[in-house]
Amino acid sequence: MDKLLIRGGRRLQGEVSISGAKNAALPELCAALLTADPVVLANVPRLQDVATMQRLIANMGVAIERQSDGRVHVNASGLSTPEAPYELVKTMRASVLALGPLLARFGEATVSLPGGCAIGSRPVDQHIKGLQAMGAEIVVEHGYIIAKLPAGRTRLRGARITTDMVTVTGTENFLMAATLAEGETVLENAAQEPEIVDLAEMLIAMGARIEGHGSSRIRIVGVERLHGCEHAVVADRIETGTFLCAVAAAGGDVLLRHARADHLDAVIDKLCEAGVEIHSEAGGLRVRSNGAEQLKAQGFRTTEYPGFPTDMQAQFMALNCVAQGTATVTETIFENRYMHVDELLRLGARIQVDGRVAVVEGLAGSGVRLSGATVMATDLRASASLVIAGLVAEGETVVDRIYHLDRGYDCMEAKLRGIGADIQRI
């Protein structure tokens with residue numbers, strides 16, 4: 001099993017190219033199922049989850065080809081099996097995104113209940129309720145969601161859908177399904193993430209009629225068919241945030257190419273308050289830091305976009321561990337997203353957790369530093385937090401079970417090595 005070996009204490013200098021966003025590429029691969037015409041996606045990251053999604057739709061009879069330049073060609077004209085089996089779904093929750101497009105185009109879909117990171121409950125009941133409001137008949141049997149249109153109907157019907165909670169994948173499923181539905185669909189309490197905006201822009205390029213994307217109310221007027229398009233996947237804001245935290249903690253001067261500040265306002269504001277210098281320039285974001293000893297720990301509360309993202313909580317906690325002062329972190333999205341804490345403690349971090357609240361006492365100025373050890377990744381973003389801590393820790397840190405990391409970061413160790421980190425895969 002692959003591990004990462006990190007020798008801490010190196011400043012970071014140079015340039016990093018931020019890859020396309022996993023959380024945009026996954027729904028956009030599913031959006032290609034909505035048409036029989038060819039679809040070309042550019043800037044698709046090389047990630048385990050993306051490879052799994054490609055295998056998933058190829059298993060349905062879809063022709064899919066990845067090119068060396070990051071472009072993926074998808075042709076769903078020969079789709080013959082509108083089913084997502086457990087063997088391919090079990091490692092990735094995003095596979096539920098096939099449900100809406102398959103149901104909208106073919107009038108039926110069978111999708112296994114999903115798997116993925118064990119960071120808490122992410123129920124699919126909101127997906128089911130929303131699609132039922134659009135006229136689908138859905139049952140859950142033997143671990144599968146089985147959906148179909150009623151006898152005599154050939155299309156879903158427009159509906160007003162208000163979810164009980166803000167759900168990103170739910171919003172994406174409804175958005176895709178509604179493009180081919182009869183009449184108007186209005187999504188209330190919709191998620192507002194940049195990845196949803198990017199998906200909507202792709203669907204519009206395919207001929208969909210959508211307005212309000214990026215707000216909590218999205219309106220879709222269904223059309224009879226969608227056509228092919230070429231679309232570039234938006235840059236990954238969470239990869240951007242992770243590298244911002246890495247440079248902040250380790251110190252250095254790095255240009256993050258393709259990164260966009262407007263997609264990460266809450267994180268950038270906290271980093272600037274901590275003492276990090278960040279500004280936009282041609283081609284991306286420049287980040288400068290004098291290292292952890294000059295940083296001030298920052299408290300924050302995770303919440304839905306545009307608030308502080310739960311996917312950046314672990315990485316910023318690692319930064320707080322080595323900064324000056326004490327900070328309180330409150331996790332409001334997932335109930336089990338502090339599994340990285342025990343591993344950070346193995347490195348010498350000072351963290352106390354009470355329910356959804358973590359109090360982090362920074363080590364800067366105490367005369368104590370993080371000390372390298374063997375740690376175990378428990379989920380995708382936890383993996384990144386351990387890498388950041390390892391970049392600062394004295395001695396050698398070994399991060400085990402990095403298959404979690406490979407699900408969401410495109411060649412992370414190679415990118416870090418390219419800007420001066422002493423890190424290798426073993």
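**Helix packing**

Tutor: The axes of helix α6 (residues 168-178) and α7 cross at roughly 10 degrees and come within 11 Å. The model is predicted, so local features need pLDDT of at least 70 and side-chain atom pairs count only at pLDDT 80 or more, while totals for chains, interfaces and linings use all residues. Residues are numbered from 1 along each chain as its sequence is written, and side-chain values use heavy atoms, with hydrogens and water left out. Helices (H or I, at least four residues) and strands (E, at least two) are DSSP runs numbered from the N terminus. An axis is a line fitted to C-alpha atoms, for helices over the stretch in contact, and angles run from 0 to 180 degrees between N-to-C directions.

α6 and α7 are therefore roughly parallel to each other; that term covers angles under 35 degrees, with over 145 counted as roughly antiparallel, 65 to 115 as roughly perpendicular and the rest as oblique. On the α6 side, Val168, Thr171, Glu172, Leu175 and Met176 meet Ile196, Leu199, Ala200 and Leu203 of α7, where contact means heavy atoms within 4.5 Å. This contact of α6 with α7 comprises seven nonpolar, one polar and one charged residues. Ala, Val, Leu, Ile, Met, Phe, Trp, Tyr, Cys and Pro count as nonpolar, Asp, Glu, Lys and Arg as charged, and the others, Gly among them, as polar.

α7 (residues 194-205) also packs with helix α1 (residues 22-31), at an angle of about 30 degrees and with the axes 9 Å apart. α1 and α7 are therefore roughly parallel to each other as well, and α1 passes α7 in a right-handed crossing. A crossing is right-handed if the near helix is turned clockwise from the far one by less than a right angle, and left-handed if anticlockwise. Here Asn23, Ala24, Pro27, Glu28 and Ala31 of α1 meet Glu195, Asp198, Leu199, Met202 and Leu203 of α7. By class that contact has six nonpolar, one polar and three charged residues.

α6 in turn packs with helix α4 (residues 99-106), their axes 8 Å apart at an angle of about 15 degrees. That makes α4 roughly parallel to α6, and α4 passes α6 in a right-handed crossing. Leu99, Gly100, Pro101 and Ala104 of α4 meet Asn173, Met176 and Ala177 of α6. These residues divide into five nonpolar, two polar and no charged.

As for the rest of the chain, an automatic or database assignment gives domain 1 (4-18 + 235-425) and domain 2 (22-232). Their C-alpha centres lie 31 Å apart, and 18 residues of domain 1 are in contact with 19 residues of domain 2. The two domains bury about 1,800 Å² between them, 53% of it on carbon and sulfur atoms; buried area is the accessible area (1.4 Å probe) that two parts lose on being put together, summed over both. In domain 1, Tyr305, Phe334 and Arg407 lose the most area to domain 2, together 37% of what that side buries. Tyr305 is also joined to Pro306 by a cis peptide bond, with omega about 15 degrees. Pro306 lies in the loop between β18 (300-301) and α10 (313-322).
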